[in-house]
Amino acid sequence: MAMLLEALQRPERAAAVAEEVFALMRELFPLVRSITGDGVRRTLDGVEAWIPLQRHEVPSGTPVFDWEVPQEWNVREAHITEVATGRRLVDLRDHSLHLVSYSTPLRARLSRAELEPHLHSLPEQPDAIPYRTSYYRETWGFCLSQRQRDALAACGEGPFDVVIDSTLSPGHLTYAECRVPGETEDEAVIYTHVCHPGLANDNLTGIAAAAALAREMRTGPKPRLSWRFVFAPGTIGALTWLARHESELPRIRAGLVIGLLGDGGALTYKRSRRGNALPDRAAELIVPTAGGRLIDFEPYGYDERQFCSPGFDLPFGRLTRSPNAAYPEYHSSADNLDFVRPDALAGSLQCLAALVGAIDANQRWRNLSPKGEPRLGKRGLYGLTGGAGPGQFEHALLWLLNQSDGRHDLIDIAGRSRLPLPLLARAAEALVQAGLQAPAASSSSSSPPLLQEGTSP
Ligand code: ZN
């Protein structure tokens, strides 16, 4: 039996899928996304062209732990015009980052002195437009490059006509899930944030990669775990999802927050709060061989903050390339489609596929013939010609039989044997077929019970 997403673990398939991922990103790039509103809905429309989604609309004002679902924000147009010349100096039509997200509606003629406190630019990066939001404080603002700001200053005191045709009113927070049912009730989650406007690495790479993983998974062999892919706005979306699915959380064996998958930095896996949860152990095995590194949990970053808060303490890690705020283009218009490298995206897909495959395949077995080595040859499992040493597959069989005492799982065995996980997974399947080993009880539990032979049912 092939491992889950085994094809996508190969470079050729990953490169082909990365090209499609890029096309989806290009399509979604211009949408004005925020934590609520039609930008999120249209983004999900784009994802839904790839995979079926269950959508959820949660009303504004719904309490969510210490928070509540905010008012819904939408915008039709926003611009600044020099009155004297009729020249548009800043226009949301040119870039979705030009307006501070959640800006309140405004139609006013203002002097430059009145306008200045509402402008945001990056003097150190004069061509880049910064990304700014004001979700929980009602205000308005424009983001522009330092060059645009200098051009505006050259207009003297103005005046300027400022238009923000936005609505901030009771509505809904939108999120969506794609579920891929598995053989067991145990679950795993891939989570990605969908709230950022015109930024490519953060986080169209995460959105499109999650869509790709879900699509590949739906067309491959049935997973062992039941997988869900969650597309939700950052922070409030993660909190809302947690609040609405709290009773299902005990079934979660592993979760990955994904994003920032296309920059030139090395892969970075951030451990869960627990530090040794299933995805952490899978990453320990896989990420370094993909040229990446692991970092410890810290309570700053993306939505792992919510999943790994002490009241949940879920087994969630995070995979990015460069972490948040760790590259100069971060949260600015320099994080555009040119910044994302197709080869980096392909490498990230490969690594994600390997992580997902390892998480899904990880279980413990019990050797049903543990006294001495069982005779593999008579079961057609071992090279029948004496003398020639065992091949990799035979090695995998021997390692599995030796370690299948109900305590060591596939990731342990892969770490100890240094054999590839897909090979071990295939060998384990062969041993189960031959009646030589059987899954041990609660095989995917993150805190393994020490099974005692003879006392367990
Ligand atoms: Zn971000």
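Rings of Phe, Tyr and Trp, the last by its six-membered ring, pair if their centres lie within 6.5 Å. I start my notebook with that cut-off, and I note that the model I am reading is predicted.

**Entry 1: the ring cluster.** I looked up which rings are linked by such pairs, and I found Trp-67, Trp-73, Tyr-102, Tyr-135 and Tyr-136 joined into a cluster. Searching the whole structure, I get 11 aromatic pairs.

**Entry 2: two phenylalanines.** I then turned to Phe-65 and Phe-312, whose ring centres are 5.4 Å apart and whose planes stand at 70 degrees, so I record the pair as edge-to-face; planes over 60 degrees apart count as such. Phe-65 sits in the loop between β2 (63-64) and β3 (67-68), while Phe-312 sits in the loop between α8 (304-307) and β16 (316-320), so this pair ties together parts that are 247 residues apart in sequence.

Entry 3: I place Tyr-102 in the loop between β5 (87-91) and β6 (106-110) and Tyr-135 in the loop between β7 (119-120) and β8 (142-143), so the pair ties together parts that are 33 residues apart in sequence. For Tyr-102 I read a relative accessible area of 2%, and I therefore note this residue as buried.

**Entry 4: a helix pair.** I followed helix α10 (residues 392-403) to helix α11 (residues 410-417), and I found them packed at an angle of about 125 degrees with their axes 10 Å apart. I therefore describe α10 as oblique to α11, and I note that the crossing of α10 past α11 is right-handed. Which residues meet there? From α10 I list Trp-399, Leu-400 and Gln-403, and from α11 I list Leu-410, Ile-413, Arg-416 and Ser-417. Sorting the residues of this contact by kind, I get four nonpolar, two polar and one charged.

**Entry 5: the whole chain.** Finally I stepped back to the chain, in which I count 12 helices and 19 strands. Its C-alpha atoms fill a box of roughly 95 × 45 × 35 Å along the principal axes, and 58% of its 457 residues count as buried. Among contacts in the chain with a separation of 6 or more, I find that 81% are between residues 24 or more positions apart.

Notes
Residues numbered from 1 in each chain as written. Predicted model: local features only at pLDDT ≥ 70, side-chain atom pairs only at ≥ 80, totals over all residues. Heavy atoms only, no water. Axes fitted to C-alpha atoms, helices over the stretch in contact; angles between N-to-C directions. Helix = DSSP H or I, 4+ residues; strand = E, 2+ residues; numbered from the N terminus. Parallel < 35°, antiparallel > 145°, perpendicular 65-115°, else oblique. Left-handed = near helix turned anticlockwise from the far one by under 90°. Contact = heavy atoms within 4.5 Å. Nonpolar A, V, L, I, M, F, W, Y, C, P; charged D, E, K, R; others polar. Phe/Tyr/Trp six-rings, centres within 6.5 Å; stacked < 30°, edge-to-face > 60°. Buried < 20%, exposed > 50% of the residue type's maximum accessible area, 1.4 Å probe, protein only.
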